[in-house]
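Subject: Structure for your review: nonpolar cores and aromatic contacts

Dear colleague,

Please find the sequence and the structure below. I would be grateful if you could read the notes that come after alongside the coordinates.

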Amino acid sequence: MRTADRRIALGLYRTGPTRHLLEGALEQGVTDLDTAFNYHHFASHRTLAAIADDLLPSFTISTKVGYFPDGHDLDPARLRAAVERSAEELGRTPDTVLLHNPESSVGGFADACVVLREMCEAGFCKTWGLSTWDPRSLLAADWEIPCPDVAMVRAGLTVPVGILDAVDELVDRAQITGLWGMAPFAGNADDSIWQTVDTSTFLVSGQQCSALQAGVAAAFAIPEVTRLAVGTTDIEHLAEAVGGSRLEVNTETVTAYRSLLRERATVSAGAPSRKDQ
């Protein structure tokens, strides 16, 4: 994948949107926003429209549906209403609507996918897909769904091999044509581990960068995604992430890393427990 194909999205899961942050994102060339129906106590869409109605046409916006004040629910009627309300509150049609953590309500997964495809065909979004933190329970179920345009999954060096392999299987089984990433630092880019792990190992040699930038570059390759959602209120941090998206990853190192993860997982699974020793 060429570095030119990679995009950083401003993720609004933990980040309260402010006009200053959105203006700074545009200045850094970040034109993707990722939010959800339930973010910020179900007020994220209204907040965006209130503080930056004139800026929103400059962004590609993805949002998610599936959570409601009383919990997770993939009821078709509720999903339709949430998609309609999302467009109404944003004051514009979202570019992409994702099914939010469908692994939390596996029984309703197939019908929910049909609903999102229908809402897309009706003009309530341009593309549709799913956002999953851990797709393994989805893969254990029997379903057939219309082919999603995109899936959003965990990416980066903190993702367990079981989830990485499950993402590969989900992409093949659902015939997903686009893959996006999220949570490259598991929600904490300031963790001291990122100063002790040499993330530059994953890069083609000769590139100058920070540990954060190397981690961002690795996240674009583990698994291979074209867009990476990064949550931050610091414009300099966002600019640093953009720089990381332009770094070239050593694909041989990534392949070796995933093979090593798989080997270690196999050894751990086969190791006898203490009570058996």
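The notes below concern nonpolar packing and aromatic rings. Please bear in mind that this is a predicted model.

In soluble globular proteins, nonpolar side chains tend to be buried together. Here, the largest nonpolar core comprises 76 residues, and those with the most contacts inside it are Ile 8, Leu 10 and Leu 99. Helix H5 (residues 109–121) supplies the largest share of this core, namely seven residues. Beyond its neighbours within four places in sequence, Ile 8 is in contact with a set of residues that includes Val 30, Asp 32, Val 216, Phe 220, Leu 238 and Ser 245. There is also a second, separate core of seven residues, among them Leu 98, Val 150, Met 152 and Ala 229.

Aromatic rings

The model contains five aromatic pairs. In one of these, the ring centres of Tyr 13 and Tyr 39 are 5.4 Å apart and the planes stand at 50°, so the pair is tilted. Tyr 13 belongs to the loop between strand S1 (7–11) and helix H1 (19–27), whereas Tyr 39 is in helix H2 (residues 39–42); the pair thus links distant parts of the chain, 26 residues apart. Tyr 13 is exposed, with 53% relative accessibility, while Tyr 39 is buried, with 7%.

Elsewhere, ring pairs join Phe 37, Phe 42 and Phe 68 into a cluster. Over the face of Phe 68 lies Arg 78, at 4.2 Å from the ring centre. Arg 173 is placed over the face of Trp 143, at 3.8 Å from the ring centre.

With kind regards

How values were computed: Residues numbered from 1 in each chain as written. Predicted model: local features only at pLDDT ≥ 70, side-chain atom pairs only at ≥ 80, totals over all residues. Heavy atoms only, no water. Core = buried A, V, L, I, M, F, W, Y, C linked by side-chain atoms within 4.5 Å. Buried < 20%, exposed > 50% of the residue type's maximum accessible area, 1.4 Å probe, protein only. Helix = DSSP H or I, 4+ residues; strand = E, 2+ residues; numbered from the N terminus. Contact = heavy atoms within 4.5 Å. Phe/Tyr/Trp six-rings, centres within 6.5 Å; stacked < 30°, edge-to-face > 60°. Lys NZ or Arg CZ within 6 Å of the ring centre and 35° of its normal.
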